Amino acid sequence: MAKKGFVFVETIIVVAILTIALLMIYSSYSAFVINSNTRLKYDDPVFMYRTYYLQKLLKNSRLDLVAMNLNLSTNQVLENFNCSNSGLFINSADDIGICENIVSEFHISNMYLTFNDLSFLQECTSSTGKCNALNLIGSDMASYIKTIGGKGKSGYRLILEFAENSDGSICSDVNKCQYYYANISLGDTL
Amino acid sequence: MNKKGMTLVELIISIALISIVLIFLFSLLSDVKYMNTNRNFALSNQQKRAIILKRVQSDFIDRRLSGLTDRSSSDNIVIDFRFLDGTTSTLGFYKDGTGYYINYKNSTQEEKWYLSVDNTTTKIAFNCAKYMLITDPTISNYFALKFTIPVIAKSSDANFIDDFEFTYVGLKEEVNLANFPNKSSLGTYNINTCG
């Protein structure tokens, strides 16, 4: 049988193989593009300084009372707290008001107190035990946690999640929010 | 089956299938090319932005901000910061024949950074800055300040992460509202026109 070129069936097979190959490339590049854009939202200097100043404010408060709930052995490894947490500010409603104003104007959507060493979360493959904490946070936050260093270090860490619209204004529609993350080590004593 | 070659219909179907695949391929390449171009500018600017933010914020933290003076014109943003140790620094956003640049001068050094722009750059809003007194120093132990200068390097890909934002939280005894231009109370204020 003398074949002078591809027959139709052969062409279809080649196209099918080509398509599969390109789909694989497309999916890997798409993941690369998405990851690349997501990384821009981690530890941006503006958010780092916002975190620094909030930490400066909270350092004078009773963060130790929030930290009391943290316990590796009871799987409570991440504490989501806010300015009105009982006992966080000792003296006056003014301090709570300042904190709430700053949280609002810094566009902070969630504040977490956790341990400096987050390797127990970074190595999670399921959502049981200590890894149950991953069920309490969003997937974006979980991805961010995996980028944080500090393995082997004792002490505590403050992680902030910021929610903003694309124009930088405070976000009110959770479906349109862009989330940004920053963290700061608090040391051994709170 | 006739094996002498493809018929016209088979040829058209083959071309159509290959075309569909190629459309995806070009779409992918276009995305990657755009990302690469955008990222080059973004990376270059973000490094400069990080350095500038660090310079200014370091002065805020080390010397403690006590006030600011607005010397902006319709084209430029020029802000003098005053510190508790009596020193001052000047942050300026300008445009000259070479391009947009940022200048920061404090008591020990002066540096200038040109921002990278490409042919899609439509707006660098160096004529707009706004600052916000977040807490009222008259009733609390602290006052907070957020000072924002929007930089929109690409209108089609507006990314506020390019913005220059300086924040500060200080003690109320360190600040006098009179040290802030035209402001006597809590709120958000524009320096020049923020469009």
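Strand 3 (residues 88-95) of chain B is largely enclosed by the rest of the structure, because six of its eight residues are buried; buried means under 20% relative accessible area, exposed over 50% and partly exposed in between, with a 1.4 Å probe and protein chains only. Strands (E, at least two residues) and helices (H or I, at least four) are DSSP runs numbered from the N terminus. The model is predicted: local features need pLDDT of at least 70 and side-chain atom pairs count only at pLDDT 80 or more, while totals for chains, interfaces and linings use all residues. Residues are numbered from 1 along each chain as its sequence is written, chains are lettered from A and ligands numbered from 1 in the order in which they are written, and side-chain values use heavy atoms, leaving out hydrogens and water.

Strands of a sheet pair through backbone hydrogen bonds, either parallel or antiparallel. Two strands are taken to pair if DSSP finds at least two bridges between them. Strand 3 of chain B is joined to strand 2 (residues 77-83) of chain B by six antiparallel bridges, and B:I77 has B:F93 as its bridge partner. Four residues lie between these two strands in their hairpin, where B:G86 takes a positive phi near 90 degrees. Six bridges also join strand 3 of chain B to strand 4 (residues 100-105) of chain B, again in the antiparallel sense, with B:Y94 opposite B:Y101. This second hairpin has four residues between its strands, and B:G99 in the turn has a positive phi of about 150 degrees.

In chain A, four strands form an open antiparallel sheet in the order 1-2-3-4. Strand 1 (78-81) and strand 4 (178-187) of chain A each have a single partner strand, so one side of each is left without a neighbour in the sheet. Strand 1 of chain A pairs with strand 2 (residues 108-115) of chain A over four bridges, and A:L78 stands opposite A:T114.

The size of an interface is often given as the accessible area lost when the parts come together. Chain A and chain B bury about 3800 Å² between them, 70% of it on carbon and sulfur atoms; this area is computed with a 1.4 Å probe and summed over both parts. In chain A, A:F8, A:Y49 and A:Y53 lose the most area to chain B, together 17% of what that side buries. Two salt bridges are counted between the chains, a salt bridge being a side-chain nitrogen of Lys or Arg within 4 Å of a carboxyl oxygen of Asp or Glu. The side chains of A:D44 and B:R49 meet in a salt bridge at 2.8 Å, N to O.

Conventions:
Buried area is the accessible area (1.4 Å probe) that two parts lose on being put together, summed over both.
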